[in-house]
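Subject: Structure handover

Hi,

Here is the structure I promised to pass on to you. Please open it alongside this note and follow the residues as you read.

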Amino acid sequence: MKNAVNDGVWSGSWVAERLGVELVGDDGLPALLGLALRRNPKRAHLLVSNVLGKHVPQSPSVVYDHGFRLGREVAALLGAEEGTAVVLGYAETATGLGHCVADGLGGAPYLHSTRRPVAGVAPAGGFEESHSHATSHLLLPEDPALLAGDGPLVLVDDEFSTGNTVLNTIRDLHERHPRRRYVVVALVDMRSPEDCARLDRFAAETGARVDLVAAASGTVRLPADVLEKGQELVARCESAGHGPDGPARAHPAQPHDTPPRPPHGARRLDLHWPAGLPDGGRHGFTPAHRARLEAALPAMAGRIRDALPDGARRVLVLGFEELMYAPLRLARELERLTPAEVRFSTTTRSPVLAVDDPGYAIRTRLVFPAHDDPADGPGERYAYNVAGGGFDTVVAVVDSAADTPALHAPDGLLARLAAHTPHVLLAVVPSYVPHAPERPAMLPEPLRGPAFSSYAPEEVGWLLQDLSAVTLEAPTEEREEAIQSGGAHYAESLPVEYQPSEQYQELFHAALDASAARIARAVGVVTETVIAERSPRPVLVSLARAGTPVGILMRRWAGFRHGLDLPHYAVSIVRGRGIDANALRWLAAHHDPRDVVFVDGWTGKGAISRELAQAVEEFEAKEGVSGFDPEIAVLADPGSCVRTYGTREDFLIPSACLNSTVSGLISRTVLRADLVGPHDFHGAKFYRELADADVSVAFLDAVSARFPEVADTVEEAVKELLAADRTPTWAGWRAVERISEEYGIHDVNLVKPGVGETTRVLLRRVPWKILARAGAGADLDHVRLLAQQRGVPVEEVGELPYTCVGLIHPRYTKGATGADGKAVNL
């Protein structure tokens, strides 16, 4: 097998010729791998990756792209299970590779094993790597629940040689938290048939599915005496003068080299690393962390670029042992910002013989003492292929735990680098240490039906806590008076669930029959708009509870039209108090915030749109999380408050006709200090006792059944919509202000525009009067019936931008529906 990967010679030929080692397999293997020797009683040869960024300096884009592409392959393999996957990388070699695979999976949570114990962090597991020079791996997630889920676990290593390490890992974790599926990922799969069979047997014994994804596969054929011959060859080479700083034949000096400088010549560079952002995956790295890093990378790489010497032509960004991903991302960003040739590699614990020969993978090595006070005591560390590499600048990136006197000592890493390059920069990333006792408790997994709600479990996950056992209801007038007298918040109690009369239920079913196709078309339009403009695989997050049926319908449309199985959650938002911050934390920990699309049923005057925008801004400022787009996607936008909608017509959406019995039997959300602690989700009740009156699934099925007949019209409507000017005009807000003044209310919060909001006023508020647009037809039949039952006058109005508007009685409810949610006497 020939491949010009090192001065026209395969970088494994030197070892292959002397030990009789053969590399057999895919044609691309020699481009990915070279061979070297090491002093190791268990394995003499070492497979040296050309694309890992560990021993061989490589373009950071090449390194990142190899891992990212493997992640995309895993995503395609997992399909609908992608959103529940967790990625585990192996220290030290694959910590960066595993992180890149997690990125390719769309931002899956990531953890890598470590050989560095951290005080105060209890191991959540551990295993042995039998062939390694340093065998013990620890798993130290800040959140132990990271490894406790039942979604696929993706295990990433640079090479899959025997499978022993993977088997040890799965065995340890499977005993603690059994899973149905594991995926093993490696740059190269070099197992023998016997190794493959052992993994198959293991999968059969555990009952778990184990898949493998690799960029290339093959095997290393070893003669029977290869270990003895290898050890003898290593000893012979070392005695021949291949010393610790490389072979006896050093590379000639480059024209731009300058004399070696003392270690204090290394210039310190402040990256302005974001406060509290983990430096890697040692304790877990969530999609929210990834979003923060992505946002900060351009500025940090810009500081490195500005610190480079004038005329820099060849720059090495050198990471530190397990700290691979952060330096890699900095190097990749720097590569985009500077005309200089940028390369990336890292230091390592692994002792490898250096031989200055084009057919050998490790041409030079630098040796220096460990500088991070390792738990296993002092020892040598190494940087390969740096000396003689022609680098005019080396940017050494270490974590703060490694920024010790040993790093700056006369025989330390910085001094070794200064002997071979004229410019050395030092960038220190703060070592992230979890402060578990001071951090919020782990949030629970979403509630799902049938235990909570009448929806199927895959339709929606509720980021709420179940308060079904708590009595929260009171008659509407009593509730409003109690709020008024005590200055309480409307979200601290619930109205008694309205039970519709037989006549009203007949109206609901008639309205559903008449409008199902119209709703289906709007569902299709808003879903296609979201997929086209927001994310190809959005995470739907409904505002409970009116948004929940719409979110489910959007999820169903995505499955019907695109075969997508989108994640869908419901969260609480409370006027005057914002969105549930703990729900946002959960979402950021499990998904990329940039994929999150908030969903609601309809807009009235746009108060919730403004509430959400303010709440997200405050959350991101406080938590340091970025990426959430506060714009709501709605089925109907009669108030012209958003850009993403299915229609701007104000028509009857039958799910507005009822309360819990069309919303999965779930109450409106509750936020009360004695029930909802600072680290709890907001609450809600599941009205199981109303099951006989439940039409939640019937509503969804009736609309979904119309998807095929509206598909063509949806396609045309979306084309027109995407080309149109959809800038919100806030016409509804201006209309509400006018009505508030004309009717002497002087409070826009008591004016509820649109069919949906008017229905809510009649069902759970104290209504004063209803304004109906003259000539409004069947869309208002249910409104007229409810108004008649409650003794509320309906006044026809000639010019009204909405089909109808509900006015709340000021005697009870100014505070209950006001901007701060509290009641105040008039």
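Below is what I found in it, from the overall fold to the side-chain pairs.

First, the ground rules: this is a predicted model, where local features need pLDDT of at least 70 and side-chain atom pairs count only at pLDDT 80 or more, while totals for chains, interfaces and linings use all residues. Numbering runs from 1 along each chain as its sequence is written, and side-chain values use heavy atoms, with hydrogens and water left out.

**Overall**

The protein has 22 helices and 33 strands (DSSP runs numbered from the N terminus, with H or I over at least four residues for helices and E over at least two for strands). Of its 826 residues, 60% are buried (under 20% relative accessible area; exposed is over 50% and partly exposed lies in between, with a 1.4 Å probe and protein chains only). Taking contacts (heavy atoms within 4.5 Å) with a separation of 6 or more, 77% join residues 24 or more positions apart.

Leaving aside residues up to four places away in sequence, Val-154 touches, among others, Val-74, Leu-78, Leu-105, Val-183 and Val-185.

**Helix H15**

Helix H15 (residues 581–590) has Asn-582, Ala-583, Leu-584, Trp-586, Leu-587 and Ala-588 as its buried residues. Their cover includes helix H8 (287–307), strand S26 (596–602) and helix H16 (607–623). At the N-terminal end, Asp-580 caps H15, with a side-chain oxygen 3.0 Å from the backbone nitrogen of Asn-582.

**Salt bridges**

There are 43 salt bridges in the structure (a side-chain nitrogen of Lys or Arg within 4 Å of a carboxyl oxygen of Asp or Glu). Arg-381 and Glu-321 form one of them, at 3.0 Å, N to O. This pair links distant parts of the chain, 60 residues apart: Arg-381 sits in strand S15 (residues 380–384), and Glu-321 in the loop between strand S12 (314–319) and helix H9 (325–337). Arg-381 is buried at 4% relative accessible area, and Glu-321 is buried at 5%.

Asp-592 and Arg-594 also meet at 3.0 Å, N to O. Here Asp-592 is buried at 6%, whereas Arg-594 is partly exposed at 41%.

**Aromatic rings**

The structure holds 13 aromatic pairs (rings of Phe, Tyr and Trp, the last by its six-membered ring, with centres within 6.5 Å; planes under 30 degrees apart are stacked, over 60 edge-to-face and the rest tilted). Tyr-382 and Tyr-384 are stacked, because their centres are 5.9 Å apart and their planes at 10 degrees. Both tyrosines, Tyr-382 and Tyr-384, are buried.

Trp-557 and Phe-707 pair edge-to-face, with centres 4.9 Å apart and planes at 75 degrees. Trp-557 lies in helix H14 (residues 547–562) and Phe-707 in helix H18 (residues 707–723), so the pair ties together parts 150 residues apart in sequence. Trp-557 and Phe-707 are both buried. Finally, Phe-452, Tyr-455, Trp-462 and Phe-686 make up one aromatic cluster.

Enjoy looking around!

Best wishes

Definitions and conventions: Polar contact = N/O pair within 3.5 Å; in protein donor to acceptor, adjacent residues only side chain to side chain.
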